[in-house]
Amino acid sequence: MTKFSLLDHESVPKHEIIAEGELKSVLSKFLIDKEQLPKIKVQDPVSKEIGAAVGDVVKITRKSQTAGEADYYRLVIE
Amino acid sequence: MSISEATIDSMIKDLPFPSSTLNALREDVLKAGVSKKEMEEIIEKAMEEYEVSCIEPCDAAGVVAAQSIGEPGTQMTMRTFHYAGVAEINVTLGLPRLIEIVDARKIPSTPMMTIALSKNDPEDYAYHREKTRALAWEIEATKIDHIADVTTDLSQMKLIIDLHEKAMEGRNITIDQVKDKFNEELNVLVNISPDIDNQIVITPGEPSYRELLQLAKSIHNVTLKGIEGIKRVVVRKEGEEYTLYTEGSALRDVLQFEGVDRARTSTNNINEIYEVLGVEAARNAIIKEATDTLREQGLTVDIRHIMLVADIMTCDGEVKQIGRHGISGEKASVFARAAFEVTVNHLLDAGMRGDVDKLEGVTENIIVGQPIRMGTGDVHLVSRKTGRVEPEEIKTEEE
């Protein structure tokens, strides 16, 4: 049986850890601090899958019924 | 003279539209064939339309969402049980289900799974009735009542279990498996009867009536085969494909089975989705379950309102309920919390701790009688003095 990746599940959108530079441009776009982003837990199954550490910011590319595709950001927390 | 595809692409590339709008615009323009001047005009009009349909800054999005879901909610049936189109499986619908979703209950009152089957080749599970049936028996929890009659022999101080051969065959379980399972689970003496076919005799650890009666009860709870908590599995054919529906939910266990399509299998238990697939999948599940519940009742609520609710419920990385122990109970303001529920306790606790309320939210400002910081109330006007205005001048104007 092949290994199953959670990210292949139809209701799990694409998650990726973003680099420092991209994070800066995101934060300056919304005029916020990193701590004001929505959160994702480090024990979250998907956090574990992509190997995110506390303090990383995860970019989530959601399939949206209204916008087609929407970017969302979550800060990894304890 | 219409412009080329590449020109159109470069013209719409930098527009601030969401991708669905961009694609629709691109397709329509390509189909119609427009000149450069027309294209510019279209873009201008589209931008205008887009700005009109965007939410205004400082608009009370949450209140609008609450009312937009609440009003149709008054028309929902109070208590409905329905067979939801799925063969014989009972699911909670209507208002009770909606409340269950926003309350983020750990276990819904009628948990249910939809198990999609793998369909990699034409001989795979999804197209194969026998394979599907066999898998269904593997998943469904088999208890002793399904395959046998149990009699309590008080004179001999033992339980006699007469297994039905046909039922065992159907569920693909053998007498030895039953015996081993009881041995493992109950810590009692289990024997296969030497004289009579398909009979198991169980003798309690110590010969007392209490023990015997207790044992007679507890053997009904032993899961001999399958997944604990899956009470029933129904096989349905949809189009070309077989799908399993289960009463009871155990997503993590089911995903381990061979033949289950792990990418498309789902449950209506949102908490389980959160634990197995993560917070983003849980958010999607909240949206799906809430829209399905509303749609089934014939109510249309714009999905944006439900998306807002789902976002708020999942914004801290876990699924929080809308209520005392969730969103409303965690507000920063003392007044806002006191206005919601258990007023006296909140005020008392805040007083003892010496909490400070900065009056930044809506509720607390209404309580103290100030303009709220929404809409025009959130805008502060600062004027730059250009020249000195004589007090006398103002006076005369007023008069």
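In what order do the strands of the open sheet of 4 strands in chain B stand, and with what pairing? In this predicted model, the order is β8-β9-β3-β10, and the pairing is antiparallel. The edge positions are taken by β8 (232-238) and β10 (266-267) of chain B, and because each of them has a single partner strand, one side of each is left without a neighbour in the sheet. For β10(B), the partner is strand β3 (residues 112-116) of chain B, and the two are joined in the antiparallel sense over 2 bridges. Within this pair, T114(B) is found opposite S266(B) in β10(B).

**Further strand pairs in chain B**

Elsewhere in chain B, strand β4 (residues 148-153) runs antiparallel to strand β5 (residues 158-163), with 6 bridges between them. D149(B) stands opposite D162(B) in β5(B), which places two aspartates across from one another in this pair. The two strands form a hairpin with 4 residues between them, and in that hairpin M157(B) takes a positive phi near 55 degrees. Strand β5(B) is also joined to strand β7 (residues 199-203) of chain B, again in an antiparallel arrangement, through 4 bridges. In this second pairing I161(B) has I200(B) of β7(B) opposite.

**The sheet of chain A**

Chain A has 2 helices and 4 strands, and its elements follow one another from the N terminus as β-α-β-α-β-β. Along its principal axes, the C-alpha trace of chain A spans about 45 × 30 × 20 Å. An open sheet of 4 strands is present here too, with the order β1-β3-β4-β2 and mixed pairing. At its edges stand β1 (14-17) and β2 (39-41) of chain A, and since each has a single partner strand, one side of each is left without a neighbour in the sheet. From one strand to the next, the twist averages 35 degrees. Strands β3 (residues 57-64) and β4 (residues 68-77) of chain A run antiparallel and are joined by 8 bridges, and in this pair K63(A) is placed opposite E69(A) in β4(A).

| Strand | Partner strand | Bridges |
|---|---|---|
| β3 (residues 57-64) of chain A | β4 (residues 68-77) of chain A | 8 bridges |
| β4 (residues 148-153) of chain B | β5 (residues 158-163) of chain B | 6 bridges |
| β5(B) | β7 (residues 199-203) of chain B | 4 bridges |
| β3 (residues 112-116) of chain B | β10(B) | 2 bridges |

Helix α4 (residues 61-73) and helix α14 (residues 303-314) of chain B pack at an angle of about 115 degrees, and their axes are 9 Å apart. The crossing of α4(B) and α14(B) is left-handed. On the side of α4(B), the contact is made by A61(B), G62(B), V64(B), A65(B), S68(B) and I69(B), while α14(B) contributes H305(B), I306(B), L308(B) and V309(B).

In the loop between α1 (5-12) and α2 (19-32) of chain B lies P16(B). When its neighbours within four places in sequence are left aside, P16(B) is in contact with M47(B) and Y50(B). Of these, Y50(B) is 34 residues apart from P16(B) along the chain, and their C-alpha atoms are separated by 9.3 Å.

**Domains and confidence**

The domain assignment of chain B gives domain 1 (5-53) and domain 2 (142-221), and the centres of these two domains, taken over C-alpha atoms, are separated by 73 Å.

Chain A averages a pLDDT of 90, with 96% of its residues scoring at least 70, and within chain A confidence is lowest in helix α2 (residues 45-50), at a mean of 91, and highest in β2(A), at 94. For chain B the mean pLDDT is 84, and 94% of the residues reach 70 or more. Confidence in chain B is highest in α14(B), at 94, and lowest in helix α18 (residues 391-398), at a mean of 54. Where pLDDT is low, predicted coordinates should not be read in detail.

Definitions and conventions:
Residues numbered from 1 in each chain as written. Chains lettered and ligands numbered in written order. Predicted model: local features only at pLDDT ≥ 70, side-chain atom pairs only at ≥ 80, totals over all residues. Heavy atoms only, no water. Pairing = 2+ DSSP bridges. Axes fitted to C-alpha atoms, helices over the stretch in contact; angles between N-to-C directions. Left-handed = near helix turned anticlockwise from the far one by under 90°. Contact = heavy atoms within 4.5 Å. pLDDT = per-residue confidence, 0-100. Domains from an automatic or database assignment.
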